[in-house]
Amino acid sequence: MRRKLVVGNWKMHGSRPANAELLAAVLGARPYRADVAVCVPFVFVNETAAMLAGSDLRWGAQDVSAHEQGAYTGEVSAAMLAECGCRYALVGHSERRAYHAESDALVALKAQAALARGVTPVVCVGETLEEREAGQTEAVVKRQLSAVIHQLAHCAAEMVVAYEPVWAIGTGRTASPEQAQAVHAVLRAQLQAATGRADTMKILYGGSVKADNAAILFAQPDIDGGLIGGASLKAAEFIAICRAAEQAAGGTP
Ligand code: PEP
């Protein structure tokens, strides 16, 4: 069985005192029999690294530049993230696709830039409500993932995928376990066709995951954990979600 992974996405939240309190609580609840990470705003990466160093908790960023280095004001490179110990970088989060006009091609380049520096891209895909209602869910997520698979080529099996239906992000509306599993199965089949190693790859579900719905979602055969937004800011809630991941994995060490 694949080990579960829970990744917190703090989005543009946090402050030094609040982060310290949250991370101390998450650290204090160790050990977890699941992999646990937090993706924090760039400015908090270093202090997160300082707090989590030496533990088995991982950290990462919420975006990464597609460029190696140079005159790209405001961008942060994968090399910089790697230097700060980031294990993960989210790429293609729906908020970046929607508010920063990130295309499938740009998302794919970002994923490639991250991997080239040893930072695992967590590639977010997901359909809008309109697309779901038009019966386009499968086509949309396959198109989004295909761009990244193509760009990463023989390294595609190194990414983590996160299925995040846009209509479920921050809305309190969660995909049913059956809806989520159906899309995860489609994505795994696509990954298998491309890499031959999809059974080793993690596909996370994201979209209003909470302590009270995590267990049933994580129990689905193709759901390997969660990308957690709002609930990752509340220590008790986030820790409970990590516990749900442990239980769903049947205590996989
Ligand atoms: C997210 O931001 O990736 C997310 C899933 O948010 P939320 O859990 O708040 O829906």
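Colleague: What in Gly 229 is 2.9 Å from an oxygen atom of the ligand?

Modeller: A polar backbone atom of Gly 229. This is a predicted model: local features need pLDDT of at least 70, side-chain atom pairs count only at pLDDT 80 or more, and totals for chains, interfaces and linings use all residues. Residues are numbered from 1 along each chain as its sequence is written, and side-chain values use heavy atoms, leaving out hydrogens and water.

Colleague: How far is the polar backbone atom of Gly 230 from a ligand oxygen?

Modeller: That distance is 2.8 Å. Asn 9 puts a polar side-chain atom 3.1 Å from a ligand oxygen as well.

Colleague: How much of the ligand does the protein bury?

Modeller: The protein buries 97% of the 290 Å² that the ligand exposes when taken alone. Areas are Shrake-Rupley with a 1.4 Å probe; for residues, only the protein chains shown count as cover.

Colleague: Is Asn 9 buried or exposed?

Modeller: Its relative accessible area is 4%, so Asn 9 is buried. Buried means under 20%, exposed over 50%, partly exposed in between (1.4 Å probe, protein chains only).

Colleague: Which residue's side chain makes a polar contact with that of Asn 9?

Modeller: His 93, at 3.5 Å. A polar contact is an N or O pair within 3.5 Å; within protein, one atom must be able to donate a hydrogen and the other to accept it, and sequence-adjacent residues count only if both atoms are side-chain atoms.

Colleague: What else does Asn 9 touch?

Modeller: Setting aside residues up to four places away in sequence, the list includes Cys 39, Gln 62, Leu 90, Leu 227, Ile 228, Gly 229 and Ser 232 (heavy atoms within 4.5 Å).

Colleague: New topic, strand β5. How many of its residues are buried?

Modeller: Six of the six, residues 120–125. Thr 120, Val 122 and Cys 124 point one way, while Pro 121, Val 123 and Val 125 point the other.

Colleague: In which sense do β4 and β5 pair?

Modeller: Parallel, over four bridges, with β4 spanning residues 88–91. Pairing takes at least two DSSP bridges between strands. Tyr 88 stands opposite Thr 120 in β5.

Colleague: How many bridges join β5 to β6?

Modeller: Four, and these two strands run parallel; β6 covers residues 160–163. Val 123 has Val 161 in β6 as its bridge partner.

Colleague: And which way do the β4 side chains point?

Modeller: Tyr 88 and Leu 90 go one way, Ala 89 and Val 91 the other, and all are buried. Strand β3, residues 58–61, pairs with β4 in parallel over two bridges. There, Gly 60 is partnered by Tyr 88.

Colleague: Where does Gln 144 sit?

Modeller: In helix α7, residues 137–152. Gln 144 is buried because its relative accessible area is 5%. Its side chain reaches the backbone nitrogen of Gly 126 at 2.8 Å.

Colleague: What is the phi of Ser 208?

Modeller: Near 55 degrees, positive in a residue other than glycine. Ser 208 is in the loop between β7 (203–206) and α9 (211–218). At 10% relative accessible area, Ser 208 is buried.

Colleague: And the phi of Ala 153?

Modeller: About 50 degrees, again positive in a non-glycine. Ala 153 lies in the loop between α7 and β6. At 46% relative accessible area, Ala 153 is partly exposed.
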